[in-house]
Amino acid sequence: MSAPLPGPGDPGPVPPGLGEPLCYTAGEAAAVAGVTEQRARRYWRALGYPQAAPGELEFTASDVELLRLITGYVTDGALDEPESLRLTRILSRAIGYLAQLQMEIVASHRDRSRAVGRDAIEQLVLRMPEAQWVLGQMWRRQVVTAIGRLHDTAETEMPVAGVGFADIVGFTELSRSYSDIDLKRLIARFEYRATEIVADCGGNVVKMLGDEVLFTTDGAVRLADIATRLSVRFADDSLIPGVRIGLAYGSVLNYLGDVFGTTVNLASRLTALAEPHTVLAAPEVTGELAGDPGFELIPLGTKDIRGIGNIDPAEVRRR
């Protein structure tokens, strides 16, 4: 007879080590990995592990192997320890965010899975090896793409890119009037459709900020194509009351998966200046679009952009 399904609030039969026995104390884990306990604790903090109590069995064999591998990059000279710890913290935060999103999605389907005699979280744990392979394969493909971008830019120069911001019109008011469920539906739809358009048009989503998406491209024409498609897609959406978009083109600083610099700041300022359902572009973008039969440019006159100065932006429309 199968075990009864867990009740509400019960995390279910998920072992602390996810199928592996907890067999090492902090001191034992550090010794087996070949590092001091003090050094091991620096890495465990970077990984987001809870504070291990002295003498308690807190670590699995896989935890020890992970510690040995990530400290080995320093031993081999590939990274110094501050770089290694920083990389560890970045990866841990990214994976933690991904895991939290995954749990929210799984939890939203839990009642449905119980109705057919299964528990969604228990099923996820059972399929953990498959999930690890999927994440590994996705990471490999993303690394290949990132290497390609790295090779496209000389080490001594900042890359040039198109930068776009798109945010939902009136999101602050919506967040007050929408129920939690409707607000989640709105954000999920915005993220899905924005990511779909950016990817289909050859752009790169840098980050999603709830009601806002930051994306980059390798050219101004592609940037305008994405922006105008986003504007059209959300113009008649039943849940999302449209977007406003700012575009800029120029040098950017890529750092830890994000982009920085005056070009990024200008795109953000133009988004705040744009009217609902419009795309506002900096002169560097409109100069590339001039004469392109796919777009119409509507000059807006000189604008004083905070922190940047006077520029002459234009509204961009699809013909």
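Me: Where in the chain is H277 found?
Reply: Welcome to a predicted model, where local features need pLDDT of at least 70, side-chain atom pairs count only at pLDDT 80 or more, and totals for chains, interfaces and linings use all residues. Residues are numbered from 1 along each chain as its sequence is written, and side-chain values use heavy atoms, leaving out hydrogens and water. Helices (DSSP runs of H or I, at least four residues) and strands (E, at least two) are numbered from the N terminus. H277 is found in the loop between α11 (262-273) and β7 (279-281).

Me: What does H277 count as at 41% relative accessibility?
Reply: Buried means under 20% relative accessible area and exposed over 50%, using a 1.4 Å probe and protein chains only, with partly exposed in between. At 41%, H277 therefore counts as partly exposed.

Me: What kind of aromatic pair do F190 and F234 form?
Reply: Rings of Phe, Tyr and Trp (its six-membered ring) pair if their centres lie within 6.5 Å; planes under 30 degrees apart are stacked, over 60 edge-to-face and the rest tilted. F190 is in helix α9 (residues 180-200) and F234 in helix α10, 44 residues apart. Their centres are 5.4 Å apart with 45 degrees between the planes, so the pair is tilted.

Me: What relative accessible area does F234 have?
Reply: In α10, F234 is one of the buried residues, as are L223 and L230. The relative accessible area of F234 is 0%.
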